Amino acid sequence: MKNIKWIFVFYSLAAMLSMAGIGVAVGFRSIPGILLAIVLLGFIMARGFKKKKEMIDAGLL
């Protein structure tokens, strides 16, 4: 746990906020809000996995 990869902390917090956004949008019964939060979550997760693959290929993980 010495080497914290802060970029992954950022991605995980952003994904968590997007998941919370889904809950808030459900609470407000906002279909566009729900869809936007789901798309945002998918984008964030895809970027995180892509970054992880790039770092593994570069030998940094």
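Buried means under 20% relative accessible area, exposed means over 50%, and partly exposed lies in between (1.4 Å probe, protein chains only). In soluble globular proteins, nonpolar side chains tend to be buried together.

## Packing of the two helices

Helix 1 covers residues 6-27, and helix 2 covers residues 31-57. Helices (H or I, at least four residues) are DSSP runs, numbered from the N terminus. Two packed helices are described by the angle between their axes and the distance between the axes. For helix 1 and helix 2 the angle is about 165°, and the axes are 8 Å apart. Helix 1 and helix 2 are therefore roughly antiparallel to each other, a label for angles over 145 degrees, while under 35 counts as roughly parallel, 65 to 115 as roughly perpendicular and the rest as oblique. The axes are lines fitted to C-alpha atoms over the stretch in contact, and angles run from 0 to 180 degrees between N-to-C directions.

The crossing of helix 1 and helix 2 is left-handed, that is, the near helix is turned anticlockwise from the far one by less than a right angle. By class, the contact of helix 1 with helix 2 has 16 nonpolar, four polar and three charged residues. Ala, Val, Leu, Ile, Met, Phe, Trp, Tyr, Cys and Pro count as nonpolar, Asp, Glu, Lys and Arg as charged, and the others, Gly among them, as polar.

## Salt bridge

The structure holds one salt bridge, between the side chains of K53 and D57 (3.0 Å, N to O). The term requires a side-chain nitrogen of Lys or Arg within 4 Å of a carboxyl oxygen of Asp or Glu. Both K53 and D57 lie in helix 2, four residues apart, about one turn of the helix. K53 counts as exposed because its relative accessibility is 52%, and D57 counts as exposed at 57%.

## Individual positions

R29 sits in the loop between helix 1 and helix 2. R29 has a positive phi of about 55° although it is not a glycine. Most residues other than glycine have a negative phi. With 77% relative accessibility, R29 counts as exposed.

S12, in helix 1, is partly exposed at 43% relative accessible area. S12 and M45 are 33 residues apart in sequence and 8.2 Å apart in space, C-alpha to C-alpha. I34, in helix 2, counts as buried at 18% relative accessibility. G59 lies in the segment after helix 2 and is exposed, at 57% relative accessibility. From G59 to L17 the C-alpha distance is 30 Å, and the two are 42 residues apart in sequence.

## Basis of the values

Residues are numbered from 1 along each chain as its sequence is written, and side-chain values use heavy atoms, with hydrogens and water left out. In this predicted model, local features need pLDDT of at least 70 and side-chain atom pairs count only at pLDDT 80 or more, while totals for chains, interfaces and linings use all residues.
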